[in-house]
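Please read them with the structure open.

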Amino acid sequence: MGVDDPVGERGSTPRASSHPRTRRAAVAVAVAVALVVGLLGLVGAKLNGNITRFDIGSGAGPRPENSGGPDGPLNILVIGSDTREGIGTDEYGTDTVEGGAHSDTNLLVHIGADRKSAYVVSIPRDSMTMAPKDCSDPASTVADGEMRQWNYNFNQGGPACTVKTLEGVTGVYVDHVVVIDFAGFQSMVDGLGGVEVCLPDAVKDEDAQIDLPAGRQRLDGKDALGYVRARKSLGDGSDLGRIKRQQAFMSSMAQQATESSLLLRPDRLYSFLDAATRSMTADEDLSLNRMRQIAQSLRDFGISNLTFVTVPTEPYAKDPNRVVWKEKKAAALWDAVRTDSPLPGTQDKKEPETPEEPLTVSPREISVSVVNDTTAEGLAGQEVAALSVQGFTASVGSAAPTGEAEGVTVRHAPGRKDAARTVAAAYPGASLVQDKTLDDVVVVVLGKGAANAIEVDNRVGDEPVPSPSVSAPPKDGEIETRQATEDICG
């Protein structure tokens, strides 16, 4: 996206139709896809001519096995180039130190073969990995290569070098590549009518050319570019912190795309696509017809099934300002991509202990105490709110955290199992435990990898369950994710 530098609740499959807003989003996505398909058909030649092309196989040697062809899963590498050309200002400088552009955002978009789920993998720009010494030489491979910072692959050999390195390091086949520069990113944000962000404090960053007040606000393309590029003035100043902010922004952007009148205005949609394609470089096989086929295959896709994840990293021993991938967790992530499997830890393989029987106790008859046994500040209060709107009498428990709990445990007194089942219905996969020390209060213990509450079938009232802004830290071996439906102000 030209910037510097991830379904449903963890541990369960989201019920996309359980909330009216989610249903509306799914319908909006379907409408948007239909419009894009139609529009691409009508003005395909013009838009196709806007796109600069390159050979994805330039300099490539043997490549990984194809992920399944047109009807299989798709892996689309989206590269954000930091070229300053075309943005109408030199406020961000005129070139990089080495000359040429870097790939300051690297996103591998994995679309499942079922076309109903997708996840976006962010690759930190400062990752140190093995890379071919000479990407233009088919005989030069990762195996006999050199350690190199990730975003220098693009600088030294363009998108084909980035693909060659990614495929060589991970064994993942890349079907298509799209490169978007600063100008394209700005145009897409402006085409959406701006995108919402949320700042806890006012921020002024001369390098990023932004001066923004605190609070929820809608940014135009120029300010949005500064927001996603800023580092030192926001968060902890790290690239990893910036990636989290970018993922939150992309979530907000996805939400805006499903709600924007742009999707119902062919003239505005054309302007949006025209501006975006003029700033786009893509592989030779990603024609407008192929884009139309992909868009058409995603008719049933909803953003509730879109997940963002970052390659797990740790500090690089030779330079604490750089990172290396955590061997086991990164390997599990790339294995999921190769095999078109759920992200590690996003599906709880344990069978729920609560049988799928009708709930017999109404939430209004149940008092719940929520205990946060994690380091995630505010998690218990958030879950209390999610339960309270459904009719439960809920409060934050006072038990001191041990840090040993995993998942969600619902504890109940003898004779209160039916009440506990109603509570557990908000946390599919939760364990039910009888506790003789309890009275009528049902206790929910949130541990590592705990899911956020969903609606129960016999809930009281129709006030929407608040969107979660806090997530439990992942279990050991899990990978932290962000859902596209999460509120950016969380």
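1. Gly 397 lies in the loop that runs between β17 (393–396) and β18 (408–412). Strands here are DSSP runs of E with at least two residues, helices are runs of H or I with at least four residues, and both are numbered from the N terminus. The model is predicted: local features need pLDDT of at least 70, side-chain atom pairs count only at pLDDT 80 or more, and totals for chains, interfaces and linings use all residues. Residues are numbered from 1 along each chain as its sequence is written, and side-chain values use heavy atoms, with hydrogens and water left out.

2. Is Gly 397 buried or exposed? Gly 397 is buried, its relative accessible area being 16%. Buried means under 20% relative accessible area, exposed means over 50%, and partly exposed is in between (1.4 Å probe, protein chains only). Leaving aside neighbours within four places in sequence, Gly 397 is in contact with Ser 369, Val 370 and Val 371; contact means heavy atoms within 4.5 Å. The C-alpha atom of Gly 397 is separated by 8.8 Å from that of Val 444, and these two residues are 47 residues apart along the chain.

3. Gln 483 belongs to strand β21 and is buried, with a relative accessible area of 6%. Its side chain makes a polar contact of 3.0 Å with the side chain of Thr 307 and another, of 3.5 Å, with the side chain of Thr 481. A polar contact is a pair of N or O atoms within 3.5 Å; within protein, one must be able to donate a hydrogen and the other to accept it, and residues adjacent in sequence count only if both atoms are side-chain atoms. C-alpha to C-alpha, Gln 483 and Phe 308 are 6.2 Å apart in space, against 175 residues apart in sequence.

4. Glu 486 sits in the segment after β21 (481–483). Glu 486 counts as buried because its relative accessibility is 10%. Not counting residues up to four places away in sequence, Glu 486 touches Ser 251, Gln 255, Pro 468 and Ser 471.

5. At what angle do α3 and α4 pack? Helix α3 (residues 182–191) and helix α4 (residues 221–229) pack at about 120°, and their axes are 8 Å apart. That makes α3 oblique to α4. The residues in contact are Phe 182, Phe 185, Gln 186, Val 189 and Asp 190 of α3, with Gly 221, Lys 222, Ala 224, Leu 225, Val 228 and Arg 229 of α4. By class, this contact of α3 with α4 has 6 nonpolar, 2 polar and 3 charged residues.

6. α3 is mostly covered, with 8 of its 10 residues buried. Among them are Phe 182, Phe 185, Met 188 and Val 189. At the start of α3, a side-chain oxygen of Asp 181 comes to within 3.1 Å of the backbone nitrogen of Ala 183. Gly 193 follows α3 and has a positive phi, near 80°.

7. α4 is largely enclosed by the rest of the structure, because 7 of its 9 residues are buried. These are Gly 221, Ala 224, Leu 225, Gly 226, Tyr 227, Val 228 and Arg 229. The cover over the buried residues of α4 includes α3, β8 (195–199), β10 (210–212), β11 (215–219) and α5 (239–259).

Definitions and conventions. Axes fitted to C-alpha atoms, helices over the stretch in contact; angles between N-to-C directions. Parallel < 35°, antiparallel > 145°, perpendicular 65-115°, else oblique. Nonpolar A, V, L, I, M, F, W, Y, C, P; charged D, E, K, R; others polar.
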